Amino acid sequence: MADVALRKVVKRYDDVEAVRGIDLDIADHEFIVLVGPSGCGKSTTLRMIAGLEDISDGDIMIGGDVVNDVPPKDRDIAMVFQNYALYPHMTVAENMSFGLRLKHYPKAEIKARVTEAARLLDITDLIDRKPKQLSGGQRQRVAMGRAIVRNPKVFLFDEPLSNLDAKLRVQMRIEIKKVHQKVRTTTVYVTHDQVEAMTLADRVVVMNKGRIEQIGTPNELYHKPATRFVAGFIGSPAMNFIPCRLEDVGGTLQIRLTDRIAFPLPPARAARYNALPRTDKLLLGLRPEHLTESHAHLEPGVETFDTVLDVTEPMGMETLVYFGLDGTPVCGRVNPNAGAKDGAPMRLAMDLNNMHLLNEESGVVL
Amino acid sequence: MADAVVRQPGVARPASARKRASLHNILRRKSTAAFLMTLPLILLITLLVVYPAFYSLHLATLNKSMQRFVGFGNFEFLFRRDTFWLVVKQSCIFAITAVVFKALIGFIVAHFVHNIPAKGQRKWRGMLLVPWVIPPAMSTLAWLWLFDPSYSAFNYTLAFFGIGPIPWTGDAAWARFAVILVNVWYGAPFFMIMYLAALKSVPDQLYEAAAIDGANWWQRIWYVTLPMMRNIIAITTLFSLIVTFANFDIVRILTAGGPLDHTHIFATWAFRVGIEGSDIPLGASVSLFMVPILAVAAIFILRDVNKRGNEA
């Protein structure tokens with residue numbers, strides 16, 4: 001087990017910079033998830049940690065040692081690939097023990113480790129089968145088993161669940177979490193699925209265009225996003241961004257969304273945003289769960305307005321409602337019994353205590 | 001059952017109508033249609049392969065004047081001749097050595113080509129295939145000139161280093177070396193292109209997984225590349241073995257079997273005794289002798305391929 005550190009790591013392909021100077025400290029035992037859209041550099045970063053890609057600039061350290069020029073086999077890492085990368089001509093046991101056999105471990109120890117890993121992953125019955133005879137989920141377990149038997153310093157996962165169907169993905173997600181709780185090996189996990197990132201990670205690293213947008217615990221990213229990209233990427237349905245501006249009316253600061261709709265800001269928020277220039281183009285960031293049906297008894301800071309719903313999506317435990325505010329599409333989450341119907345008028349409540357205010361140009365959360 | 005019940009009272013139905021109906025049914029069957037559609041090919045194969053094969057079997061049982069049936073007489077005669085066993089030995093040496101070197105060179109060159117960046121790869125692939133696409137009868141003529149003892153480029157070049165002159169086609173050992181060399185030169189590109197295709201089908205991630213597992217480049221070849229290519233290697237080797245055993249043009253042009261029959265292989269010797277020696281039945285017997293050898297090899301190799309066919 002070891003900590004991992006990236007210092008100003010850059011990856012260039014000819015003229016294109018895929019990774020643009022990343023700094024990241026991963027603590028021992030930590031489960032870090034790199035998340036972002038395709039082409040954001042997350043897989044490249046992982047492959048650089050693995051040693052499968054050369055780094056163009058900067059340093060990568062594993063357990064305090066700079067490993068820039070150390071080949072993958074000497075980095076003491078194990079990797080789980082998206083398409084499993086099991087050797088098709090070897091049985092499950094042979095696949096799992098391949099690395100140990102290359103390092104000439106004693107046979108008894110290899111057997112013990114394989115048996116233990118197979119038990120941990122519940123694949124003891126499959127040990128003599130060839131990968132072709134396994135389902136996708138079983139192959140994924142074997143790939144994980146191959147990583148576990150090595151007892152490496154770091155586990156690297158490269159989108160390991162992408163090839164599985166939705167149900168199996170949820171199941172394997174829990175398995176991975178359980179395995180990490182048992183073996184506690186430092187883990188770097190790459191995914192484009194923000195749900196996977198949120199559910200698995202101790203800390204999530206959100207990447208965009210080769211840079212780190214924000215590093216934080218799942219809760220921090222959800223409740224205190226630093227940029228518009230993070231605010232929009234984390235959470236499903238995504239956060240609403242409504243163009244707005246600040247106004248002073250009779251000594252109170254209020255936020256104007258449309259010509260008709262403007263609300264006074266709750267005192268805490270007013271104090272926070274009071275110094276902002278009134279001319280700035282701003283965006284109100286509001287998660288769908290903070291746009292609900294109106295109640296008789298509203299808390300302070302919750303304001304109501306009337307709108308006409310475009311579309312409703314009943315999800316069972318909630319109904320998603322879609323409507324427009326001056327042409328900006330907005331999504332809210334209402335109680336399924338609130339009577340939301342396609343094309344019907346509805347009074348909604350906006351919880352400004354949980355609002356975010358963003359600078360439209362820079363995308364920074366203020 | 002239902003048919004029988006319906007037909008019982010149908011006495012009035014004329015027999016010809018029933019016949020026509022059953023013919024109609026046969027024609028409507030899918031297997032019939034498939035058979036009819038492949039019939040031209042079946043006829044062609046019968047004409048070009050099956051008929052000559054059986055005809056040569058028939059020929060091999062006749063006497064020299066092709067007037068009398070002698071059974072296995074031709075084979076008995078062959079087995080008593082030293083030249084025949086020399087040809088058997090030479091055919092085996094020729095085919096096995098050539099195939100081994102073709103496979104080895106093809107494998108190594110395929111690796112080099114595989115590692116050339118995609119842009120330049122096509123050019124190299126094309127150039128390396130040239131020996132294989134030139135008609136061997138023509139390219140062997142060029143080799144014949146290269147091997148010429150007095151005026152050849154080889155001996156001329158070697159003379160600079162004080163070596164030679166080497167009797168390329170005049171000495172038994174050198175002549176065998178020469179025909180094998182030309183055959184390897186001609187056949188290696190086929191292996192190269194087959195192995196290159198096989199290499200391209202091995203997923204990169206297997207190599208990455210092996211690299212992380214701690215395999216060096218040799219272990220990666222031994223534990224990943226070779227097992228992944230086993231079927232292609234087996235089939236290519238079998239195919240090449242058959243073609244090389246049956247080779248005719250290279251030996252015929254380069255040495256014509258000489259010196260003193262020391263480069264004859266089955267096909268050239270069959271030509272010598274059959275056509276040039278006017279003993280067609282004996283020539284047919286010589287060429288038939290290859291069949292059981294190749295059949296045994298084919299059975300073993302294909303059985304192995306079949307066994308592993310479902311792995312990948």
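Helices, taken as H or I runs of at least four residues, and strands, taken as E runs of at least two, are DSSP runs numbered from the N terminus, and the views below show a predicted model.

**View 1. B:Ala173 in helix α9 of chain B.** B:Ala173 belongs to helix α9 of chain B, which covers residues 172-200. Because 9 other C-beta atoms lie within 10 Å of B:Ala173, and a residue with 12 or fewer is classed as exposed, B:Ala173 is exposed. Between B:Ala173 and B:Phe271 the C-alpha to C-alpha distance is 22 Å, and the two residues are separated by 98 residues in sequence.

**View 2. The packing of helices α3 and α14 of chain B.** Two packed helices are described by the angle between their axes and the distance between the axes. For helix α3 (residues 30-59) and helix α14 (residues 280-288) of chain B, the angle is about 120° and the axes are 8 Å apart. At this angle α3(B) and α14(B) are therefore oblique to each other, and the crossing in which α3(B) passes α14(B) is left-handed. From α3(B) the contact draws on B:Ser56, B:Leu57 and B:Leu59, while α14(B) contributes B:Ile280, B:Pro281, B:Ala284, B:Ser287 and B:Leu288. By class, the residues of this contact of α3(B) with α14(B) are six nonpolar and two polar, with no charged residue.

**View 3. The contact between chain A and chain B.** Chain A brings 19 residues to the contact, and chain B brings 16 residues. On the side of chain A that touches chain B, β6 (77-80) and α2 (92-102) of chain A each supply at least two residues. That side of chain A is made up of 12 nonpolar, three polar and four charged residues.

**View 4. Backbone features in loops of chain A.** Most residues other than glycine have a negative phi, and most peptide bonds are trans. A:Tyr84, which is found in the loop between β6 and α2 of chain A, has a positive phi near 75° and is not a glycine. A:Tyr84 counts as buried because it has 24 C-beta neighbours inside 10 Å. A:Asp122, placed in the loop between α3 (107-121) and α4 (136-149) of chain A, likewise has a positive phi, of about 65°, without being a glycine. A:Asp122 is exposed, because 11 other C-beta atoms lie within 10 Å of it. A cis peptide bond, with omega of about 0°, joins A:Ser236 to A:Pro237, and A:Pro237 lies in the loop between α8 (228-233) and β11 (240-249) of chain A.

**View 5. An open four-stranded sheet in chain A.** The four strands of this open sheet of chain A follow the order β2-β1-β4-β5, and their pairing is antiparallel. Because β2 (16-26) and β5 (65-66) of chain A stand at the edges with a single partner strand each, one side of each is left without a neighbour in the sheet. Strand β1 (residues 4-13) and strand β4 (residues 57-62) of chain A are paired in the antiparallel sense over five bridges, and A:Arg7 stands opposite A:Asp59 in β4(A).

**View 6. Chain A as a whole.** The secondary structure of chain A comprises nine helices and 21 strands, and its C-alpha trace spans about 80 × 45 × 35 Å along the principal axes. Of the 366 residues in chain A, 40% are buried. Among the contacts in chain A with a separation of 6 or more, 67% are between residues 24 or more positions apart.

Note on methods
Residues are numbered from 1 along each chain as its sequence is written. Chains are lettered from A and ligands numbered from 1 in the order in which they are written. This is a predicted model: local features need pLDDT of at least 70, side-chain atom pairs count only at pLDDT 80 or more; totals for chains, interfaces and linings use all residues. Two residues are in contact if their C-beta atoms, placed from the backbone, lie within 7 Å. Ala, Val, Leu, Ile, Met, Phe, Trp, Tyr, Cys and Pro count as nonpolar, Asp, Glu, Lys and Arg as charged, and the others, Gly among them, as polar. A residue is buried if 20 or more other C-beta atoms lie within 10 Å of its own, exposed if 12 or fewer, and partly exposed in between; C-beta atoms are placed from the backbone. Axes are lines fitted to C-alpha atoms, for helices over the stretch in contact, and angles run from 0 to 180 degrees between N-to-C directions. Angles under 35 degrees count as roughly parallel, over 145 as roughly antiparallel, 65 to 115 as roughly perpendicular and the rest as oblique. A crossing is left-handed if the near helix is turned anticlockwise from the far one by less than a right angle, and right-handed if clockwise. Two strands pair if DSSP finds at least two bridges between them.
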